[in-house]
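Here is a short report on one helix and a few backbone details. Look over the sequence and the model, then read on.

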Amino acid sequence: MVLDDIFDYEINKTNRIYEYNNFLNKIRNSSIVVTDRLHGAIFSYITNTPAIVLSNNTHKIDGFYKIISPCDKILYKKDIREEDVQKFIEMQKKNNQSLN
């Protein structure tokens, strides 16, 4: 599943709680999240969903990761390698049968 934070309709006071819960549930029900956005990292963290967080040029993710580190559910490195990703996924598979 691919999630995007761009909606083709208005999120207003009436539907914002529904949309928030819907988005959070999509992350919660994902096997793994791959993101370079701070909010994707935060939502993955609070739902305890494994995530591969890619570096971007805002430095916000750096600060967030310093706060939550160490966290075995979040893989974050500025220079991430394929081997890092494979090792992380294997570790998550051992800890969580839903990734198998």
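Asp84, Phe88 and Gln92 are the buried residues of α4. Seen down the axis of α4, these buried residues fall within an arc of 65°, so they line one face of the helix. This is a predicted model.

What do the buried residues of α4 pack against? They pack against β2 (51-54) and β3 (74-77). The other side of α4 carries exposed residues: Glu82, Lys87 and Lys94.

Helix α4 covers residues 82-95, which is 14 residues. At 1.5 Å a residue, α4 should span 20 Å. Its end C-alpha atoms are 20 Å apart, which agrees.

Now the loops. Asn48 is found in the loop between α2 (38-46) and β2. His59 lies in the loop between β2 and α3.

Is His59 buried or exposed? His59 has a relative accessible area of 54%. Exposed means over 50%, so His59 is exposed.

One more loop holds a backbone detail. Pro70 is found in the loop between α3 (60-68) and β3. The peptide bond from Ser69 to Pro70 is cis. Its omega is near 0°.

Terms used:
Residues numbered from 1 in each chain as written. Predicted model: local features only at pLDDT ≥ 70, side-chain atom pairs only at ≥ 80, totals over all residues. Heavy atoms only, no water. Helix = DSSP H or I, 4+ residues; strand = E, 2+ residues; numbered from the N terminus. Expected span 1.5 Å × (residues − 1). Buried < 20%, exposed > 50% of the residue type's maximum accessible area, 1.4 Å probe, protein only. Arc of directions from axis to C-beta. Contact = heavy atoms within 4.5 Å.
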